[in-house]
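Dear colleague,

I am passing on the structure below, together with some notes on what turned up in it. Please read them alongside the coordinates.

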Amino acid sequence: MKFLNRILAALVLFSLIACVDVFDPKLVGGKPKIVFEGTLTNLVGPYFFQLSYSAGYNSQESVFDKYVNAAKVWITDEKSNRTDLIDMNKGQFSTPDGFKGEVGKTYQVHIRLSDGTSYESESETMRMTPSIEKVYSEFKLTTTPRPKYRGVFNIYVDVKDPATEGDFYRWKWVHYERANYCSQYTVTGDRPQIFYQKCCTDCWNTISCLGCVVLASDNLVNGNTLKKQFVAQIPFDNITGYYMLIEQMSLSRKAYTFWRNVDQQANNSGGIFDTAPAAIRGNLKNVNDDSDIILGYFQVSAIEQKAVYIQRNNLGIVPFGFNLNEGSVNYAPNCEVCKESPYRTAKRPLNWVD
């Protein structure tokens, strides 16, 4: 009898499953929008600005080759001085040599597409940003697969906020490490071997936190010190010093609001009560059609930099996966030129110590 009951229960369960139809909402991606990326600062350029197209919601197409071609892009200041950007193809534009922003001046970016459609940003004034007073780290152990350990270093800064109200901040960071080689190739045969070509000159690999949005305002600390502001988290994967260049950027109130909304939307948990994804409006628009928006933000920021070495050899423990005696490497007799890219540079980092 018990066996028969089990069979009947299984048949009922199967019938319930079989009656469930797959729900297809048939969402259709909207019309792609132009996406603008780029920041003008008071540091020595050149600056690079990107124009691309977005993919519609629920779209499976790639956006990495959807560039805006044959556009004209230029920047003007409050005195109508015009600086034309150089078209580098694939939707990338750079400023000419010698051009940089100045604190206190106001700037706009202008875009004209090949079909004559024109966009421009709202005016953005470059606000000053104070210096970074102090950088320090705290180690956090995450797991303990003894005798080696996993962990992270949380990086914090202290900043003396000016007496003026309405100061807004954003932080970024870049890690530099000297490149051991600039290219590699494989020699085939019975026992294929990989050969590495050393760099012909000094060269550094760079790592940054893509998509990280770290913000703060002086709403609660105006005129006082902004203490223990979190800016980064770095791995405990070696015992060498970890070089990082921290950049502190000033923001306008509207830029701060824009990046805060971006961060909140990117970190939605995906629960049923979360706000549905929507295009976050920046500060660019069609000059003849206010409803035709362009995604992204023309950011104008003064930058303060701080180069630091985070010591990772004073904990008395060894990081997981660390091997002091790594295997030998086959180096080729010739060298390779260090090519500039988002992940590699021949420019010596600020206050680098060999």
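Asn351 counts as exposed because its relative accessibility is 54% (buried means under 20% relative accessible area, exposed over 50%, partly exposed in between, with a 1.4 Å probe and protein chains only). Asn351 lies in the segment after strand 25 (344–345), and its phi is positive, near 55°, although the residue is not a glycine. Strands (E, at least two residues) and helices (H or I, at least four) are DSSP runs numbered from the N terminus.

This is a predicted model, in which local features need pLDDT of at least 70 and side-chain atom pairs count only at pLDDT 80 or more, while totals for chains, interfaces and linings use all residues. Residues are numbered from 1 along each chain as its sequence is written, and side-chain values use heavy atoms, with hydrogens and water left out.

Lys228, in strand 18 (residues 225–235), also has a positive phi, of about 50°, and at 40% relative accessibility Lys228 counts as partly exposed. Most residues other than glycine have a negative phi, and most peptide bonds are trans. The peptide bond from Gly45 to Pro46 is cis, with omega near 5°, and Pro46 sits in the loop between strand 2 (39–41) and strand 3 (48–53).

In helix 2, the buried residues are Ala255, Tyr256, Phe258 and Trp259; seen down the helix axis, they fall within an arc of 160° and so line one face (the arc being that of the directions from the axis to the C-beta atoms). They pack against strand 13, strand 17 (214–217), strand 19, strand 21 (295–296) and strand 22 (299–301), where contact means heavy atoms within 4.5 Å.

Best regards
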